Amino acid sequence: PKVILKDVSDTALSRGEDMVRDVFQKKVKRKKMSQFDCDKLMSSLHTEVDYSSFKDVDIVIEAVFEDINLKHRIIKEVEAATPDHCIFASNTSALPISDLAKASVRPENFIGMHYFSPVDKMPLLEIITTDQTSKETTAAAVEVGLKQKKTVIVVKDGPGFLYNTSYWSSDGRGVRLYSGGYQSN
């Protein structure tokens, strides 16, 4: 499969491509991947600074900064350049997927895919759906995550999604126990 890495400049694309290559080379060094497979995957990676190759894509996974206005702009740009069936997945850890989906003209094809950092080491992938996300979109996102060898969980949109809510809830309990004078032995 062809993978397109899009960024704002050739310099940014070069950095991104180097990062991908470094991850694969580490796998080769640890004998988790053959050099042939590394070369094959790298040859499927195409870089560009515009959306000219997006006319035939099936899924776009966006990973820009956590700025809702920037993400809304990117959603509109991507949807203008992609076919109607294309799925738009936002990689966000904090912004509500429902709020992001408001910029979409195809909310049934809109989904969240929260990759944990560092992506190459963390196996968990949260797939976040809205009330408008179609079952087909959810199934396709799960399939992509499984092909990436991720442990996939599907959650409904909500504050912090599942992991962040669970983490901060348990963290908050510890703070309350500590401030309440509880001491462990």
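Which side chain does the side chain of S104 make a polar contact with? That of E79, at 2.5 Å. A polar contact here is a pair of N or O atoms within 3.5 Å; within protein, one must be able to donate a hydrogen and the other to accept it, and residues adjacent in sequence count only if both atoms are side-chain atoms.

Before the details, some ground rules. This is a predicted model, in which local features need pLDDT of at least 70 and side-chain atom pairs count only at pLDDT 80 or more, while totals for chains, interfaces and linings use all residues. Residues are numbered from 1 along each chain as its sequence is written, and side-chain values use heavy atoms, with hydrogens and water left out.

1. More on S104. This serine is in the loop between α4 and β5; helices (H or I, at least four residues) and strands (E, at least two) are DSSP runs, numbered from the N terminus. S104 counts as buried because its relative accessibility is 10%, where buried means under 20% relative accessible area, exposed over 50%, and partly exposed in between (1.4 Å probe, protein chains only). Leaving aside neighbours within four places in sequence, S104 is in contact with I75, E79 and F110, contact meaning heavy atoms within 4.5 Å. S104 and V78 are 26 residues apart in sequence, yet their C-alphas are 9.7 Å apart in space.

2. Helix α3. Residues 68-81 make up this helix of 14 residues, and from first C-alpha to last α3 reaches 20 Å, close to the 20 Å expected at 1.5 Å a residue. The expected span is 1.5 Å times one less than the number of residues. At the start of α3, a side-chain oxygen of D67 comes to within 2.9 Å of the backbone nitrogen of N69.

3. What α3 packs against. The buried residues of α3 are K71, H72, I74, I75, V78, E79 and A81. They pack against β3 (59-62), β4 (87-90), α4 (97-101) and β5 (110-115).

4. By definition, a salt bridge is a side-chain nitrogen of Lys or Arg within 4 Å of a carboxyl oxygen of Asp or Glu. K71 counts as buried because its relative accessibility is 1%, and E62 is buried too, with a relative accessible area of 3%.

5. Salt bridges within helices. The count of salt bridges comes to eight. One of them pairs R73 with E77 at 3.1 Å, N to O; both residues lie in α3, four residues apart, about one turn of the helix. R73 is partly exposed at 46% relative accessibility, and E77 is partly exposed at 29%. Another joins D18 and R21, with the closest N and O atoms 3.2 Å apart. D18 and R21 both sit in helix α1 (residues 10-29), three residues apart, again about one turn. Their relative accessible areas are 36% for D18 and 33% for R21, so D18 is partly exposed and R21 is partly exposed.

6. The cores. The largest nonpolar core has 18 residues, and V60, F88 and F110 have the most contacts inside it. For reference, a nonpolar core is a set of buried Ala, Val, Leu, Ile, Met, Phe, Trp, Tyr and Cys residues joined through side-chain atoms within 4.5 Å. Helices α3 and α4 each supply at least two residues of this core, and α3 gives the most, with four residues. Apart from this core lies another, of eight residues, including A89, I111, L125 and I127. In soluble globular proteins, nonpolar side chains tend to be buried together.

7. F110 up close. Not counting residues up to four places away in sequence, F110 touches I75, F88, S90, I97, L100, A101, S104, T133 and T137.

8. T130. This threonine is in the loop between β6 (124-129) and α5 (135-147), and T130 counts as buried at 8% relative accessibility. The T130 side chain reaches the backbone nitrogen of Q132 at 3.1 Å. Beyond residues up to four places away in sequence, T130 touches I97, S98 and K156.

9. Cysteines. The structure holds zero disulfides, a disulfide being a pair of cysteine sulfur atoms within 2.5 Å. C38 is buried at 1% relative accessibility, and C86 is buried with a relative accessible area of 2%.
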